[in-house]
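Colleague: I would like to learn how to read a pocket and a sheet. Please take me through both.

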Amino acid sequence: MSHRASRILRRTVFFLIVGLLLCGAGVFAAVKLKDLRQSGLSLYALPADPGRVYEAKDGLMTIQNGMLVRLNAQAEPLFSAELEDGSAKACGNAELTAVYHGPTLRIYDNNGTLLVQHTLETEILDMVMGDESYAVLFQQDGQKRVSVYRTDTTPLDENILFPYQSVLDLDLFDGDRQLWTLSLDVHSTQPVSMIKTRNVGLTTTASLSVDGEIVYGTAPYKGGFVTVGTQTMKVWDSKGTENFSQMIYGWILQDMEEDSKGRMQCIFCPADPEGSGVKTMLWYIRLEADGTTTQYRYSLPADTLAVCLTDRDIAAVTTSQLVRMPCQGGRTDSLDLSVQVSSVQVLENSHGLILRSGDQEYLLKLD
């Protein structure tokens with residue numbers, strides 16, 4: 001073989017190898033991009049004034065310039081409606097949207113048709129939508145009360161009294177058959193947090209109290225409840241008996257949900273007394289079926305503003321990136337965001353985050 005032919009052959013082999021490498025890199029990049037799309041990474045600009053995004057149990061509501069906009073789970077607008085008062089708040093389920101201000105609430109269907117206008121005797125302080133009913137929190141004669149109504153305003157359970165208590169949270173569950181409430185005794189010498197469940201229209205089914213701390217997170221779990229307070233995380237059975245307790249003083253709950261196997265998992269970050277908004281560490285706790293826990297602690301990326309659970313890992317948002325990491329820590333995958341993030345709201349009913357950049361709100365969807 002001549003020197004020239006040998007050189008051509010070597011060059012041909014060289015370019016063939018380079019071509020194969022480039023092809024492989026292209027395939028890898030395509031797979032990577034496909035993985036990113038499959039991860040649910042989608043950023044949507046929302047028609048919302050700063051801080052005026054409300055989560056439904058399927059989708060979002062936003063308020064901008066006195067207009068209510070309902071969006072589905074894909075962030076597609078379903079309808080808009082002009083509000084009588086721009087300071088109104090909103091809540092909803094998959095089919096209905098409620099807005100409330102002062103003593104009046106209005107319920108719309110997904111076509112924007114006004115179905116219900118309900119006016120109470122006093123101001124509505126909070127409201128939650130179930131599947132076929134809604135619960136409202138109000139104050140009367142100096143005491144907090146809760147009433148539950150069908151979506152046609154038929155009373156189901158009225159004037160549930162919370163004497164000398166501040167109601168911090170409430171929700172309907174078990175197909176709207178039960179109501180749970182979280183309240184705080186405001187006349188005690190030390191904090192006493194109380195969680196009560198009630199068969200709607202009947203009687204209280206369970207009552208439990210956490211002494212000496214403020215409970216700020218709670219969720220139904222295996223017929224009972226998980227509570228997260230300023231000092232402890234606890235698991236309770238359906239009769240209000242404490243079955244598990246974990247000291248978490250100095251750590252703040254960031255997200256809580258059951259995994260695909262029905263195990264409750266929580267993530268915590270250290271308290272931020274200076275109000276910097278930056279998360280530096282993460283503590284992952286999963287409740288196992290045998291009563292034990294799986295726990296991991298690790299450092300977070302620099303400038304992390306929020307963390308949340310997804311179906312397969314933990315997502316962290318920095319001022320400029322989305323970072324995905326295994327629950328046990330380890331190798332992370334990062335993707336640059338197209339906006340500079342100043343604050344983040346973690347959604348409770350879906351794997352998503354509301355990012356604020358300047359005066360614009362964005363929905364970041366996650367799988």
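Modeller: We start with the pocket and then turn to a sheet.

Modeller: This is a predicted model, where local features need pLDDT of at least 70, side-chain atom pairs count only at pLDDT 80 or more, and totals for chains, interfaces and linings use all residues. Residues are numbered from 1 along each chain as its sequence is written, and side-chain values use heavy atoms, without hydrogens and water.

Colleague: What volume does the largest pocket have?

Modeller: A pocket is an open set of points on a 1 Å grid over the protein atoms alone, where a 1.4 Å probe fits, with protein on both sides within 12 Å along at least five of seven lines; lining residues have an atom within 4 Å of a point. Here the volume (space filled by probe spheres set on the points) is about 1400 Å³. Of its 42 lining residues, Glu55, Asp169, Asp171, Glu348 and Asn349 are the closest to the centre.

Colleague: Which strand gives the largest share of the lining?

Modeller: Strands are DSSP runs of at least two residues, numbered from the N terminus. E22 gives six residues, the largest share. Strands supplying at least two include E2 (53–55), E14 (165–173) and E22 (251–258).

Colleague: In which order do the strands of the open sheet lie?

Modeller: Strands of a sheet pair through backbone hydrogen bonds, parallel or antiparallel. Pairing needs at least two DSSP bridges between two strands. Here the order is E26-E27-E28-E29, with antiparallel pairing. E26 and E29 (333–336) are the edges, each pairing on one side only. Four bridges join E26 to E27 (314–317). Leu309 stands opposite Ile314 in E27.
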